[in-house]
Amino acid sequence: MTIDWKALAAPFPPDAVSWRVGSISKRDKTKAKALAYLDARDVMNRLDDVAGPANWQCRYSHAGAKTVCDIAIRVDGEWVWKADGAGDTDIEAEKGSLSDAFKRSAVRWGIGRYLYDLPSPWVTINEFKQIEDGEMPKLRALLARDARQPAVSPPPARPEPAPAHATAPSAPTETPRGWAYITVDGEIVREPTAKAWFDRLEADVRRLPPAKSNKVWALNEKVSGEVLDSLNSAVRPKAEAHLDRIMTLVSENTSPVTA
């Protein structure tokens, strides 16, 4: 069969991506790097969906202390193999090494490879070395702005403009009067242009303390994509660069000075 390589390597829905603690700051033990990862079962489902359950297989071997996984996909009637390996993990060592080796081998086929291009922002962790819930909006922002969207997912529908007599919307939306923007206090204001909307968001992210900065981003995250979708090809690249700059601020606003 012919493989749709773009579908195989397409990003996963943001809610399918998890985050774990990486290196912990030597200066501030409540700060750590956040690393994105996938569940092995989601990788298996991707192989099933794109190649078909009967058109891929895997096998395991050992190379010293490492577990090696080979994944084969049947391409035009021929089995093609790619392999990678991993050592034991801190939790359920043998099971963890099998799962990690499988996912690393899948990366060689392009599955989840885009996650390696994501930044690893500093986040606050609790006493159990788990990422605090308040950091999730910042991490979701990194996934939301990945330029490539899942090939199997349709683009989000644009909301209909609210009629003049309707009550104030609970989420940002475009109207003939401009783009609605939710302030950190929950007030809805309107900006006449996309540039003015992004300028306001950037100003709030820069001036507010980290917790409120993350909140204002979470309140306006959805509409940021809608604003971009409203722009033509001549001005969209500049707006995308503006939003990328804002996301960088969001992702770094809790970074310690040094690691």
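Guide: Let us begin with I71, which is placed in strand β4; helices (H or I, at least four residues) and strands (E, at least two) are DSSP runs, numbered from the N terminus. The model is a predicted one, in which local features need a pLDDT of at least 70 and side-chain atom pairs count only at pLDDT 80 or more, while totals for chains, interfaces and linings use all residues. Residues are numbered from 1 along each chain as its sequence is written, and side-chain values use heavy atoms, with hydrogens and water left out.

I71 counts as buried, because its relative accessibility is 0%; buried means under 20% relative accessible area, exposed over 50%, and partly exposed in between, with a 1.4 Å probe and protein chains only. Leaving aside neighbours within four places in sequence, I71 is in contact (heavy atoms within 4.5 Å) with Q57, C58, V80, W81, K82, F102, S105, A106 and W109. The C-alpha atoms of I71 and D84, which are 13 residues apart along the chain, are separated by 8.9 Å.

The ring of W81 has the charged end of R59 sitting over it, 3.7 Å from the ring centre; a charge sits over a ring if NZ of Lys or CZ of Arg is within 6 Å of the ring centre and within 35 degrees of the ring normal. The charged end of R46 likewise sits over a ring, that of F12, at 4.0 Å from its centre.

Rings of Phe, Tyr and Trp (its six-membered ring) pair if their centres lie within 6.5 Å, and planes under 30 degrees apart count as stacked, over 60 as edge-to-face and the rest as tilted. The rings of W56 and F102 have centres 6.1 Å apart and planes at 45°, so this pair is tilted. W56 belongs to strand β3 (residues 56–63) and F102 to helix α3 (residues 93–108), and the pair thus links distant parts of the chain, 46 residues apart. W56 counts as buried at 15% relative accessibility, and F102 is buried too, with a relative accessible area of 1%.

Another pair is formed by Y181 and W197, whose ring centres are 5.7 Å apart and whose planes stand at 75°, so the pair is edge-to-face. Because Y181 lies in strand β8 (residues 178–182) and W197 in helix α5 (residues 194–207), the pair ties together parts that are 16 residues apart in sequence. Both Y181 and W197 are buried, and together with F198 they form one aromatic cluster.

Helix α5 also has other buried residues, including A194, A196, L201 and V205. In helix α6 (residues 210–229), the buried residues include V216, W217, N220 and V223. At N220, α6 bends by about 50°, the bend being the angle between axes fitted to the seven residues ending there and the seven starting there.

Some loop residues deserve a look as well. D76, in the loop between β4 (66–75) and β5 (78–86), has a positive phi near 50° although it is not glycine, and D76 is exposed, with a relative accessible area of 58%. K129 lies in the loop between β6 (122–124) and α4 (136–144), has a positive phi near 60° and counts as exposed at 55% relative accessibility.

Finally, we come to confidence, where pLDDT is the predictor's confidence in each residue, from 0 to 100. The protein chain averages a pLDDT of 81, and 81% of its residues score at least 70. Over residues 147–176 the pLDDT is below 50, and beyond near neighbours in sequence this stretch has 40 contacts in the model. Where pLDDT is low, the predicted coordinates should not be read in detail.
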